[in-house]
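Trainee: I am new to this structure and would like to learn how to read it. Could you take me through it step by step?

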Amino acid sequence: MLTILFDGIAYGMLLFILACGLTITLGLMNFINLAHGAFAMTGGYVTVVMMNRYGLSFYWCLPAAFFVSAALGAILERTLYRRLYQASHLDQVLFSVGLVFMAVAAADYVMGGQQQLIQLPPELSGRTEIIGIGIGRYRLFTIVVCAFLAMGLQLILSKTRFGSRLRAAVDDRRVAMGLGINVPVVFALTFAFGSGLAGLGGAMGAEILGLDPNFPLKFMIYFLIVVAVGGTSTVSGPFLAAILLGIADVAGKYYVPAIGPFVIYGLMILMLIVRPNGLFARGGAR
Amino acid sequence: MIALETQGLKRRFGAFVVTNDVSLRVERGARHALIGPNGAGKTTLINLLTGVLKPSAGCILLEGEDITALPAHRRVKKGITRTFQINQLFGEYTPLETLALAIGERDGIGGNLVRDLGSFDDVVDEAAELLSRFGLGSVMGQRTATLAYGKQRLLEIALAFASKPRVLLLDEPAAGVPEDERHEVLKIVSDLPGDVTVLLIEHDMDLVFSFATCITVLVAGAIFAEGPATEVANDARVKAVYLGESA
Amino acid sequence: MSVVADGSRALAPMPDDAARSQIRRRSRIRLYELVIWFLAVAAIIVLPSKMLILTEIAILALFAVSLDLVLGFAGIVSLGHTAFFGLGAYVAGLFARHYFAEPVAGLILAGAASGLLGFATSFLVLRGSDLTRLMTTLGIALMLGELANQMGWLTGGADGLSGFSLDPILGLFEFDLWGRNGYIYCLAVLFTSTMIARRIAYSPFGLSLKAIKTNPMRAAMVGVPARRRIIIVYTVAAVMAGFSGALLTQTTSFVSPDVLAFHRSADVLLVLVIGGTGYLYGGILGAIGFTLLRDWLSVVTPQYWMFWIGLLLIILVLVGRDRLAGWMQYLPGRLAQSRSSRS
């Protein structure tokens, strides 16, 4: 039982790292980016290539996954996404679905369609008994890393100049520009950072979530749920939502494998019925 | 008889009280003006009356019937409609289609999905007649988005007329209309049958005094003064707070 | 319903011939419509070897026309339209397998089932932003897909449902090996449905739909009951999507959870975007374009055609959908104009 809870938390933490970039692009910049999972997949494949082809250490792969995905995010933001901030939601959907399709096919072409496996370092594999509970070491590692990331994120957004600039840019673009904030740069950095985190999540999740070319499609709905249920005004909202989703999903698959997914989709739809606008409203101002 | 009445109407946006305990009574057939400095909450009041916004407290009575809980489209059916300060039109439709839409909804054929619109001759004829009354007959087949601003403004008002309201709320109808067409607009409005009640928001005081018989002054979301036009015009407090400021 | 002259009207409106003819011209049959249907029928004789792909096109076209009612007219962005397609497909398959293998009966039942689902779920798309609508529609389709996967005893699970064959259409026309009768059947359903959709589009109801889409606040202020209108059109569209799903099952004698997969919802969006939204024939033209393109791509790059479809989507969006899809409306429009000036 506790093992499942623990696995669920690890899974939820991963989902949070994967989805928190989307919280910002979708929730704050109001851009429907269904391609977010593609950045996560990039991070995963970077890890796979570095480890399996060049034999580099897993620990080196994580920052590399972050930076490659962030760079990719920055490039795409500057060249493509930027043009569509003002476009209709339908256009954003079509554009990002197109991007997903391209990413899926490209991954298939470059890496092949099979599930990718990575060999974790010995100290991270296996289980440890802590107060009688069997805990996967890698799960523990994931939880610790993700918890630090979440706290760091909270600090960045609430305490640093960059955080306040971002919030200003999102609240009112024009006023922010008037205050001398370089809004396009803030947006680009934010987008890149969010993509980087997704890439990191993808790298860490390769072991837990699996990695194949359909990754962006498979997890799209999960990312969306995290954003929808968690709201966008805080870091803790999506964090809690991700943890809950993780536990529910793991427990559901374990105890009631037949109806696990329904529970999650059903809860999401219920949430959307109860608070159709509130979930996305910024800080409940309206 | 009272056509439109509000009792203790209140609307908050967060901590801001935009409409504060407004109890308004508009006589049937009145030419009633609602004036007040910018930010007094005039448009918010109109939004509350027509159902674009929901009040935080208070109620709205239309000819004695409580309409507070009704959605906007049901209120229109009950006989109250409005124009918008900023044109709210259907850019892809022609003026003819726009008015046919409103007339069709008024006549209760809007839900008909088996008959061609073109087979409702009386709807089309009435739309065409209304358009020519507003001087839009020559452009009735053009896309609304391509029309000159003045024409769009006229269509905005014609569209409210098409619903044949018994209570009509005009939110700065003459805003942005060129000087020579302004009187046309006002003439059309004052030519309305005597039993149609008109509530007008306007900044142009000449216009207000030439049109309104009764004036309500709104300041900071609350009613500041109210009475026959001549009385309000001579009210020292009103002059101080409002007229003095703008004149 | 005939509208009796209203005595309370102050001025009896003068008959206005210009206005009447302008309004009537909206629903006039355009030349391009005749050309499309003529070619579709002529294909039966001219392209006997292409019946299977033409059937595929007709089914996809019907699916896209149905989405156009939702997206192009009512302005609802759906990422889960395939829920109705898939449900129709399964209902038709199960009905043929267990009860009665006459296709038209199965078609009607499938349409009814999807319509019911459409009606029930329409309440979920009434409120909220584009994003909530996207997610609810997507969620519903995913749930159904999961259901089809899990209920193996009924649906055959991931392997799909097969092992049934259909009786002759109306007891008269056998499904032949070349797919000729199958194509004619699909074409007939497509034609009927498109004509119904067309009727709706040019009715007062259709007029109010696009008004809701362009300016919901003003639409309310002229008395349009938006919620009721959206419920109705969403249900009608679901019925048509159910039809198209049923056609797929009946012409292939097979259903698998693939009919509920996300890529179908995305594909049909793309189809509609290629052809242009809001005038019904966009779905048909888009289906032709999309199917031919996909077929060609899957010959050139069998495994990776998805890449090029994705690229096409991105280009479409960046260049501007209106500008690219515009040409379709332009050309037939010109033809129609030249025709009317001659007559």
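Trainee: How many Å separate the centres of domain 1 and domain 2 of chain C?

Mentor: In this predicted model, the centres, taken over C-alpha atoms, are 21 Å apart. The domain assignment gives residues 29-300 to domain 1 of chain C and residues 304-343 to domain 2.

Trainee: Where does UniProt place the feature "transmembrane region" in chain C?

Mentor: Such a label comes from a record, so read it beside the model, since annotations may be inferred rather than shown by experiment. The unreviewed UniProt entry lists residues 34-63, 69-92, 104-126, 182-209, 230-248, 268-292 and 304-321 of chain C.

Trainee: What is the helix content of residues 69-92 and of residues 182-209 of chain C?

Mentor: Residues 69-92 of chain C are 67% helix and 0% strand, with the end C-alpha atoms 23 Å apart. For residues 182-209 of chain C the values are 93% helix and 0% strand, and the end C-alpha atoms lie 34 Å from each other.

Trainee: Let us turn to the chains. Which chains have the most contacts between them?

Mentor: Two pairs of chains touch, and the pair of chains B and C has the most contacts. Chains A and B, by contrast, do not touch, and their nearest C-alpha atoms are 7 Å apart.

Trainee: How many residues does each chain bring to the contact of chain C and chain B, and what area is buried there?

Mentor: Chain C brings 41 residues and chain B brings 46. About 4100 Å² is buried between them, with carbon and sulfur atoms giving 61% of that area. On the side of chain C, Ile23(C), Arg218(C) and Met221(C) supply 19% of the area this chain buries against chain B, more than any other three residues.

Trainee: How many salt bridges and polar contacts link chain C and chain B?

Mentor: The rule finds 6 salt bridges across this interface. One of them joins Glu105(B) to Arg229(C), with the closest N and O atoms 2.6 Å apart. There are also 18 residue pairs in polar contact between the two chains, both residues being at pLDDT 80 or more.

Trainee: Which elements of chain C give two or more residues to the side that touches chain B?

Mentor: They are helix 1 (17-26), helix 8 (180-201), helix 9 (204-214), helix 10 (216-221) and helix 11 (226-252) of chain C. Helix 9 of chain C gives the most, with 8 residues. By residue type, the side of chain C that touches chain B has 23 nonpolar, 9 polar and 9 charged residues.

Definitions and conventions: Residues numbered from 1 in each chain as written. Chains lettered and ligands numbered in written order. Predicted model: local features only at pLDDT ≥ 70, side-chain atom pairs only at ≥ 80, totals over all residues. Heavy atoms only, no water. Contact = heavy atoms within 4.5 Å. Buried area = accessible area lost by both parts, 1.4 Å probe. Salt bridge = Lys/Arg side-chain N within 4 Å of Asp/Glu carboxyl O. Polar contact = N/O pair within 3.5 Å; in protein donor to acceptor, adjacent residues only side chain to side chain. Helix = DSSP H or I, 4+ residues; strand = E, 2+ residues; numbered from the N terminus. Nonpolar A, V, L, I, M, F, W, Y, C, P; charged D, E, K, R; others polar. Domains from an automatic or database assignment.
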